[in-house]
Amino acid sequence: TYYYITDKFFVIDSGIINKKHQEIPLKSITTVDFSQNLLFQIFNVYKINVENSSETMGKTNILLALKKDETAYECFGIVGMAMVSVKDGLVRLLKKDSSTKGINVVIDENNEITIPFKKFIIKSLLDSKITIVILLFSTFIGLGIDLSIINESIKIFGVVFSCIIIFLIFYIASVIFYVLSNLLTYFNFKIKTKKDSIIISYGLLNKKHHTIKREKITGLVLKQSILMKLFKYYTLEGIVIGYNTNKDDEQQEERAIIIPVGTLEEIEKTIKELNIKIKISNKFNNSPKRALKYFYYNPLYIILFIALLITLYYKINIAFVAVIILIIILAISNYLSYKNSGIKTNKNISAFRNGSFTKQMFFIKTNRIESASSVGSKIKIYKNLNTINVGVFAPTRYKNIKVKNVEIDEFKNLKDNLNY
């Protein structure tokens, strides 16, 4: 297999019996992912994933695995910088005769943003851990571990105080897990800004570099857990087609984190420094008060109340505590879903807000919205309420965005701003 670059194409020639020739327009390349896991670091080998927005090839990513002395890093630089500007003279294009070697990628240190790891520790402390807490608690019970301590705690302190103690124990365990996970994943997190692209690099055991064209950024996501809200912190992510979506690499989509933790002012300043043409705001048209009851229409309440009666009848204290915790969590989750539901649209940017324990605010380029639909029962429509579903040109994680129980007029405004 041979890879080379012309003025307009990234070219792949492969095959012995069945020859295959592929040409990928440089302008269609969305991201270039450069990674090096622990084994690759030992042998000084790099994996390069070139993602493009075209579906005509049957797959949208091309993988390369080369040694550094075989210009793996240079190849990454070539493709990444070719997306930026050939005229700038930052790179020399690789010719088919393979005579070009030692291509230097110029890094301007003044355009580099380094995110200190303490930001990720703060993120670990403030991120919502409800799902992990429930998972750990369920595992604790499922393993049949001696629960006599919990039973004694209930006898001494009562159900409510025991619930709080149990929650805090599992919450602390989840925080430790998140801190260690973030240390391994986001060590030495840096952002470098170029003329038309952004380069994100990080990692300890698995080092990664992502080159993203600004014009390929579909939108931005602001996330805020309950604790982050108390300290007025947010996490900023980018919505980019092809950001580390290599199906042969753990079959996972990785979040394009730009700012792990920051105030709204810090995030707005960083967006400006990175020259991302998307304006963010925390002003939305919220779900009206009359919609609150619809957020509590959940069949899980019936199941949990039946479970509660069973635990009372058979006097299973630990199960009773578990069900009480789940009911409280579900009730709080429904209320937060109501508080976090909102929408605001215009011709340039369409903003959507949803989530429960973690509030999510999506700021999508309106011309990247592929579809929009309104859903609601006859009763809801009579009360001028509907749920809006939006299909976005984005990775699977953010391909479908839903905003529940907002005014029907919001859907009309969205339709007026869309250009299909």
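I take buried to mean under 20% relative accessible area, exposed over 50%, and partly exposed in between, with a 1.4 Å probe and protein chains only. By that cut-off, 49% of the 420 residues of the protein chain count as buried.

I note that this is a predicted model, in which local features need pLDDT of at least 70 and side-chain atom pairs count only at pLDDT 80 or more, while totals for chains, interfaces and linings use all residues. Residues are numbered from 1 along each chain as its sequence is written, and side-chain values use heavy atoms, with hydrogens and water left out.

**Entry: overall counts.** I found 12 helices and 20 strands in the protein chain. Helices (H or I, at least four residues) and strands (E, at least two) are DSSP runs, numbered from the N terminus. For contacts I use heavy atoms within 4.5 Å. Among contacts between residues at least 6 apart in sequence, 57% join residues at least 24 apart.

**Entry: the sheet.** I looked up an open sheet of 7 strands, with antiparallel pairing and the order β13-β12-β11-β17-β16-β15-β14. Two strands pair if DSSP finds at least two bridges between them. β13 (256-262) and β14 (285-286) stand at the edges with a single partner strand each, so one side of each has no neighbour in the sheet. Strand β12 (residues 234-240) runs antiparallel to β13 and is joined to β13 by 4 bridges.

Helix α8 (residues 264-273) lies across β11 (217-225), β12 and β13, at about 140° to β13. Helix α12 (residues 408-417) packs on the sheet and touches β14, β15 (342-345) and β16 (349-354), with its direction at about 30° to that of β15. For these angles, axes are lines fitted to C-alpha atoms, for helices over the stretch in contact, and angles run from 0 to 180 degrees between N-to-C directions.

**Entry: Ile-259.** I placed Ile-259 in strand β13, where Ile-259 is the bridge partner of Leu-236. Ile-259 counts as buried, at 6% relative accessibility. Leaving aside neighbours within four places in sequence, its contacts are Ile-115, Thr-235, Leu-236, Ile-267 and Thr-270. Thr-235 is 24 residues from Ile-259 in sequence, and the two are 5.8 Å apart in space, C-alpha to C-alpha.

**Entry: nonpolar cores.** A nonpolar core is a set of buried Ala, Val, Leu, Ile, Met, Phe, Trp, Tyr and Cys residues joined through side-chain atoms within 4.5 Å. The largest has 31 residues, of which Phe-189, Leu-222, Ile-258, Ile-276 and Phe-363 touch the most other members. A second, separate core of 18 residues includes Val-221, Ile-364, Ala-394 and Leu-414. Beyond four places in sequence, Ile-276 is in contact with Ile-198, Ile-217, Leu-220, Ile-258 and Ile-271.

**Entry: Lys-359.** Lys-359 is found in strand β17 (residues 358-365). Lys-359 is buried but has no salt bridge, and the nearest side chain of opposite charge, Glu-268, is 13 Å away. A salt bridge here is a side-chain nitrogen of Lys or Arg within 4 Å of a carboxyl oxygen of Asp or Glu. Lys and Arg count as positive and Asp and Glu as negative; His and the chain ends are not counted. Outside four places in sequence, Lys-359 is in contact with Leu-222, Lys-223, Gln-224, Asn-340, Arg-353 and Asn-354.

**Entry: positive phi.** Most residues other than glycine have a negative phi. Lys-315 has phi near 55° and sits in the loop between α9 (300-314) and α10 (317-339). Lys-315 is exposed, at 69% relative accessible area. Asn-405 also has phi near 55°, but lies in strand β20 (residues 400-407) and counts as buried at 2% relative accessibility.
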